[in-house]
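Subject: Structure for you to look over

Hello,

Please find the sequence and structure below. My notes follow directly after.

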Amino acid sequence: TLATVATVARRLPRLWSSRRRAQRRFCELLVDGDSNGVEHICQARQMLQAKGWQVQTTIFATPGRFQNQRLQSFVEEEPLVFSQPVEWNASKDSTDEAIIAELKSMAKMSFTFGIALLTADKDFFEAINEVASCGKPVTVILPIGRPGPTELYRSNPAVEVSVLQAANELGRFERVKATIRADGRGEVETNSLLRPEAPYAQLNGVLERLNDLGYYSPEDVYWNHALVKFWFANSLGDLPVYPPWALLDAVARVLEEPRQWTSKQQQMAFILPCADTWNLTPRMKDFYISRKAYSITKGCGPFVVPDSGESLAEEVLRRLGYDDEAAPEFTEFALSFFAQNKNKSKLRKADLLPIAGDTVSDVKGKLREAFLSHKVSDGEWLIPPAGDAVLKMLRKQGFDGSELEAMKAYAAAKQLPSRKTRIGYISMIQAHSKSAFEKKK
């Protein structure tokens, strides 16, 4: 199988003698392929090569990720680049677990060689420290704009930390701009926006100012929340929230004004709704430039919500589109929200996923914490999926009748639980079909 061949091929360089490794300054780069594309991988390899390392790269990701044509070509054409498909699992982050297991395995090897990790989050901190404690040269490479994880990894002086520049695959332009208006309305436009030469040069200075005002903490994983909350706490008008450099530029400009700023007083949630884009075509990507930009155009527009305690979760889910007049109770549309794998994954990593025995109040409390947090998400949460793709799949599989009848029949055939709403069925069936697709690969 692809996985077996990749594993064997990836292990071959480890048969080299320790002397040969030392002479060649061999470094193995492990990549979290679920959150890093070809551009980031190329930049990371170039960084390591510039330091004299001969780099072998292993990309860990779920099998569906390797269906991406560009990533597939990169693995096939580049020397010393291998794919490591990881079986998808709805109840855990299997890619992270595979990388952590590999890091721990490499830490126990007797010979010395360089180990590097390309990631966007802090989930590998303990495993990286274990590698460093064994005396092996270890480097963590992160994309720009991740000050929280960057500082966490830098807290161990034995770990070298490098930061990538802004993704160069986008060139000098962005296609999509998302704005929150002063009256709270969210708006997404398609435009050609010229990217600055150094779009994140002012980031550290802005975060220092917001730290003094109480909006930002060095422990934050995502910095955009602090900027958005500062802006609306000071009633500064319309604010572009995507692309991130446009948000940073707007806040940096107003901070230059000589005035008294309001410090953080009231909590609020910043939400950037996105659609799942697992079926994005190459033509769509060419127009929108990036998958993320396309997903934002298909969302319902960004918004901020003042913290209202337990009712915050209901308000956010309602504005994301999960409420349904057919079943107005919170539990039903919360189930639809959890059925979206990306939503579930973020909550699981933060240990905020509801568990057996949780009351409705418990679930609302966990969602409230997630929506207010600067560590769980950068504000992006998936809206309910459109029913067109699900209905098309059901028709292909021979499920006839009305849309709701076909979905009920499919759920019964696959031994899935019943749902009270159309959105509930669509969310559940799409999540189930994606799971089945991943497992077949």
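Strand S5 and strand S6 (residues 159–163) are paired in the parallel sense, over five bridges. Within that pairing, valine 138 has valine 159 of S6 as its bridge partner. Helix H7 (residues 147–154) belongs to a right-handed β-α-β unit together with S5 and S6. Please note that this is a predicted model.

Strand S4 (residues 114–118) is also joined to S5, by four bridges, and these two strands run parallel. Here leucine 117 is partnered with valine 140 of S5. To get from S4 to S5 the chain passes through helix H6 (residues 125–133), and this β-α-β crossover is right-handed.

S5 itself covers residues 138–142, and five of its five residues are buried. In a regular strand, side chains alternate between the two faces of the sheet. In S5, Val138, Val140 and Leu142 point one way, Thr139 and Ile141 point the other way, and all are buried.

A separate note on the three-stranded sheet: this sheet is open, its order is S11-S10-S12, and its pairing is mixed. From one strand to the next, the twist averages 40°. Strand S10 (residues 268–274) pairs with S11 in the antiparallel sense over four bridges, and phenylalanine 270 has valine 304 of S11 as its bridge partner. Helix H16 (residues 360–372) lies across S10 and S12, at about 85° to S10.

Next, helix H10. This helix spans residues 244–255, twelve in number, and reaches 17 Å from first C-alpha to last, close to the 16 Å expected. H10 is mostly covered, with nine of its twelve residues buried. Among the buried ones are Trp245, Leu247, Leu248, Val251 and Leu255.

Last, the cysteines. A search of the whole structure finds zero disulfides. Cysteine 42 counts as partly exposed because its relative accessibility is 26%. Cysteine 134 is partly exposed too, with a relative accessible area of 41%.

Regards

Key: Residues are numbered from 1 along each chain as its sequence is written. This is a predicted model: local features need pLDDT of at least 70, side-chain atom pairs count only at pLDDT 80 or more; totals for chains, interfaces and linings use all residues. Side-chain values use heavy atoms; hydrogens and water are left out. The expected span of a helix is 1.5 Å times one less than its number of residues. Buried means under 20% relative accessible area, exposed over 50%, partly exposed in between (1.4 Å probe, protein chains only). Two strands pair if DSSP finds at least two bridges between them. A crossover is right-handed if, with the strands pointing away from the viewer, the path from the first strand over the helix to the second runs clockwise. A disulfide is a pair of cysteine sulfur atoms within 2.5 Å. Axes are lines fitted to C-alpha atoms, for helices over the stretch in contact, and angles run from 0 to 180 degrees between N-to-C directions. Contact means heavy atoms within 4.5 Å.
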